Amino acid sequence: MALVSAKEMVDKAHEGHYAIPAFNLNDLEWTKAVLAGIQEANSPAILQVSEGAGKYMCGFKTVADMVRNIYDYMGITVPVALHLDHGTYEGAKACIEAGFTSVMFDGSHYDFDENVAKSKEIIALAHSKGISVECEVGGIGGTEDGVTSEGELADPKECAAVAALGVDFLAAGIGNIHGVYPANWKGLNFDRLKEIDEAVNGKPLVLHGGSGIPFDQVHKAVELGVSKVNINTELQLEFAKATRAYIEAGKDREGKGYDPRKLLKPGAEAITKKVVELCEAYGSANKA
């Protein structure tokens, strides 16, 4: 099975009242671990990269080829989309050409009219090639690839205007934050989410910063139109914890020193375990 557009899986999740997990990738080990987890969970999923991660992995074409090759090599059978996370105008175009099956254009830092104009162009280009598109209205809290937002709440009228362009799913700020949530975090603003869901007339919504949001809040957000949940920090923390424990246990110190394949294995296994857990928690398990 080839990589697919994210539209069909997200639309099915919206109709079925569950969420498609979108896991950020950082390298080859991450890719193998996430694919192993979604296969075990029998879950459709979105594998996504930020522009920074794409640059680290030597470009979008390298990422696209790597994901396809590993997908085939591992014999993965569940539906998988390859998605650009928080893409710039130029980055979205580059990913469309590189073979991604889904892209996000994040124009939330532009004034609204420019965001609409650029979103419209990316949507038309991507759809002409069968590629799904995510756009954003209202900033998401925290920092993503050097762009910092205070997490302002999205305007429902602006969400409706972008949804009307034909975007496949829409990211809207509702108090969510990238990275670790602070102790004084106020939680998701469900009143605003309900207003946005009504304004976009059933368009699937995206919850960025999914790591660390209590499951009961995620489940309530799904009831109000969220059909894609982004996870990055949670996998990073699991990977770091398992790798640190392996090193502190003093294993693999004989001979030439640490074998990187052995060193990375506990972290990768921790990612796979967490992926299965999250697929089950968001209801996407056994939906492939």
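1. Is His86 buried or exposed? At 11% relative accessibility, His86 counts as buried, where buried means under 20% relative accessible area, exposed over 50% and partly exposed in between, with a 1.4 Å probe and protein chains only. His86 is found in strand 3; helices (H or I, at least four residues) and strands (E, at least two) are DSSP runs, numbered from the N terminus. The phi of His86 is near 50°, a positive value in a residue other than glycine. Most residues other than glycine have a negative phi.

2. On the source of the values: this is a predicted model, in which local features need pLDDT of at least 70 and side-chain atom pairs count only at pLDDT 80 or more, while totals for chains, interfaces and linings use all residues. Residues are numbered from 1 along each chain as its sequence is written, and side-chain values use heavy atoms, with hydrogens and water left out.

3. A second case of positive phi is His17, with about 60°, although His17 is not a glycine. His17 sits in the loop between helix 1 (7-16) and strand 1. With 58% relative accessibility, His17 counts as exposed.

4. The sheet is a closed barrel of 8 strands in the order 1-2-3-4-5-8-9-10, with parallel pairing; two strands pair if DSSP finds at least two bridges between them. On average, neighbouring strands of this sheet are turned by 25° against each other, direction ignored. Axes here are lines fitted to C-alpha atoms, for helices over the stretch in contact, and angles run from 0 to 180 degrees between N-to-C directions.

5. Strand 2 (residues 45-49) has 5 of its 5 residues buried. Ala45, Leu47 and Val49 point one way from the strand, and Ile46 and Gln48 the other way. Strand 2 runs parallel to strand 1, joined to it by 3 bridges, and Asn24 stands opposite Gln48. With strand 3 (residues 80-87), strand 2 pairs in the parallel sense over 5 bridges. On that side Ala45 stands opposite Val80, and the bridge partner of Gln48 is His83.

6. Strand 1, helix 2 (residues 28-41) and strand 2 make a right-handed β-α-β unit. A crossover is right-handed if, with the strands pointing away from the viewer, the path from the first strand over the helix to the second runs clockwise. Strand 9, helix 9 (residues 215-223) and strand 10 also form a right-handed β-α-β unit.

7. Why is strand 10 (residues 226-231) described as largely enclosed by the rest of the structure? The reason is that 6 of the 6 residues of strand 10 are buried. Strand 10 pairs in the parallel sense with strand 1 (residues 20-24) over 4 bridges, and with strand 9 (residues 205-207) over 3 bridges.

8. Leu84 lies in strand 3 and is buried, with a relative accessible area of 0%. Leaving out residues up to four places away in sequence, Leu84 touches, among others, Val49, Phe60, Cys95, Phe100 and Met104; contact means heavy atoms within 4.5 Å. The C-alpha atoms of Leu84 and Val162, 78 residues apart along the chain, are separated by 19 Å.

9. The axes of helix 5 (residues 89-98) and helix 6 (residues 112-127) come within 11 Å and cross at roughly 0°. The two helices are therefore roughly parallel to each other; angles under 35 degrees count as roughly parallel, over 145 as roughly antiparallel, 65 to 115 as roughly perpendicular and the rest as oblique. Tyr89, Ala92, Lys93 and Ile96 of helix 5 meet Lys118, Glu121, Ile122, Leu125 and Ala126 of helix 6. By class, this contact has 6 nonpolar, no polar and 3 charged residues. Ala, Val, Leu, Ile, Met, Phe, Trp, Tyr, Cys and Pro count as nonpolar, Asp, Glu, Lys and Arg as charged, and the others, Gly among them, as polar.

10. Leu235, in helix 10 (residues 233-248), is buried at a relative accessible area of 0%. Beyond its neighbours within four places in sequence, Leu235 is in contact with Phe23, Trp30, Val34, Ile271, Lys274 and Val275. Lys274 lies in helix 11 (residues 260-281) and, at 10% relative accessibility, counts as buried. Besides Leu235, Lys274 touches Glu234 and Glu238.
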